Amino acid sequence: MTPSRPPFSLLSLQVFIAVARLGSFTRAADYLHLTQSAVSKHIGLLERHLGVPLLTRAGGVALTQAGIQFLDAIEPALEQIQYAVERVSAPAEQRAIVTFLAPPAVLQFWLVALLPRFAQEHPAIELQMRTRPVGGRVGRSDLDAEIRFGRGNWQGARDQYLFGREMCVIASPALCERLPLRDYADLRRVPRLQHVLYPTAWDEWRRTLAPGLEFDGQAQEYDHYSVMVEAVRAELGVAIMPRLLVRKMLASGELAAPFNEVMLGSGGYYLILRDHTAPAHAVRAAGAWIKARADEMAREWLAAARPPVVYTDSG
């Protein structure tokens, strides 16, 4: 039996993906070098054949529920086709370049050590890492993907949670010997350190774990977690940090978690892909790999964690 052919082309599917990702008929037309009228015709052809609206157009372009399902179904298939074409037609030595933006601490304490593994598993993709200055902005055209700290759900961005909400108090083992931290109230005797981009961290920790505790003064702020770790090592105070960032230093004894707690804070690291940029298959492959490594890191840490690890949600 000969399979039936759909009455639309691959171009119609590419048009739909571009409109869905860019959120605009005009931007999709510019991106694909088509007229806006041609874009509208391709979308209309798809909707007539499927018998359901894929997009709403009132007050801007948005996907319907059917549009979300259709996008999730066709996008991976088209990327596989694109990847197959590129593998066959491109020279063997040609590699896709994915420009990736990440906070310095994420690179230093986690991602850089994984890059040789990525290169081995994805020899056709080259990751070019850049660091974001604190509070710095980078234009959408300047990168393909990024890891961003915050609460997620940024307007115009599709984000996936990686890690970082799992916060704990860390200290130097030498400081813990000099000033034992046996109870939360003992924190009143030492300076507190926190990240400048997470000014509510200690307040969330106190409300969640020690609601009756009052701290004196403000916590000292640092621009980078990597610098804050050095301050902790120098016994300048205790810090509240994403536990998975410092998991190796805690396991080796370089740092101590005196209360062995995990407070699920409001901020964490999220993966954002600019998957309308080229080559889309490489961007999504790199993103999927990084997400998988974050999940793998969390599973490994949980399996090796020393009990009792106290989990509480700042809510």
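Let's start with glutamate 146. Is this residue buried or exposed? Glutamate 146 is buried, because its relative accessible area is 1% and the cut-off for buried is under 20%. Its side chain has a partner. Glutamate 146 meets arginine 148 in a salt bridge, at 2.8 Å from N to O. Keep in mind that this is a predicted model.

How many salt bridges are there in total? The count comes to 12. I'll show you two others.

Next, glutamate 47 and arginine 57. These two form a salt bridge, and their closest N and O atoms are 3.3 Å apart. This pair links distant parts of the chain, 10 residues apart. Glutamate 47 sits in helix H3, residues 36-50. Arginine 57 sits in a loop, between strand E1 (55-56) and strand E2 (62-63).

On to helix H11, residues 280-304. Glutamate 296 and arginine 293 both lie there, three residues apart. That is about one turn of the helix. Their side chains form a salt bridge, 3.2 Å from N to O. Glutamate 296 is buried, and arginine 293 is buried too. Which residues join them in a network? Arg117 and Glu121 do: salt bridges with shared partners tie Arg117, Glu121, Arg293 and Glu296 together.

Now some helix packing. We describe two packed helices by the angle between their axes and by the distance between the axes. Take H2, residues 25-32, and H3. Their axes come within 8 Å and cross at roughly 105 degrees. Angles of 65 to 115 degrees count as roughly perpendicular, so H2 and H3 are roughly perpendicular to each other. Which residues meet there? From H2, we have Phe25, Thr26 and Ala29. From H3, we have Gln36, Val39, Ser40 and Ile43. By class, this contact has four nonpolar residues, three polar ones and no charged ones.

Last topic: confidence. The mean pLDDT of the protein is 84. Of its residues, 85% reach 70 or more. Which elements mark the two ends of the range? Helix H7, residues 173-178, has the highest mean pLDDT, at 96. Strand E13, residues 310-313, has the lowest, at 56. Then look at residues 135-140. Their pLDDT stays under 50. For that stretch, the model has seven contacts beyond four places in sequence.

Terms used: Residues are numbered from 1 along each chain as its sequence is written. This is a predicted model: local features need pLDDT of at least 70, side-chain atom pairs count only at pLDDT 80 or more; totals for chains, interfaces and linings use all residues. Side-chain values use heavy atoms; hydrogens and water are left out. pLDDT is the predictor's confidence in each residue, from 0 to 100. Helices (H or I, at least four residues) and strands (E, at least two) are DSSP runs, numbered from the N terminus. Contact means heavy atoms within 4.5 Å. A salt bridge is a side-chain nitrogen of Lys or Arg within 4 Å of a carboxyl oxygen of Asp or Glu. Buried means under 20% relative accessible area, exposed over 50%, partly exposed in between (1.4 Å probe, protein chains only). Axes are lines fitted to C-alpha atoms, for helices over the stretch in contact, and angles run from 0 to 180 degrees between N-to-C directions. Angles under 35 degrees count as roughly parallel, over 145 as roughly antiparallel, 65 to 115 as roughly perpendicular and the rest as oblique. Ala, Val, Leu, Ile, Met, Phe, Trp, Tyr, Cys and Pro count as nonpolar, Asp, Glu, Lys and Arg as charged, and the others, Gly among them, as polar.
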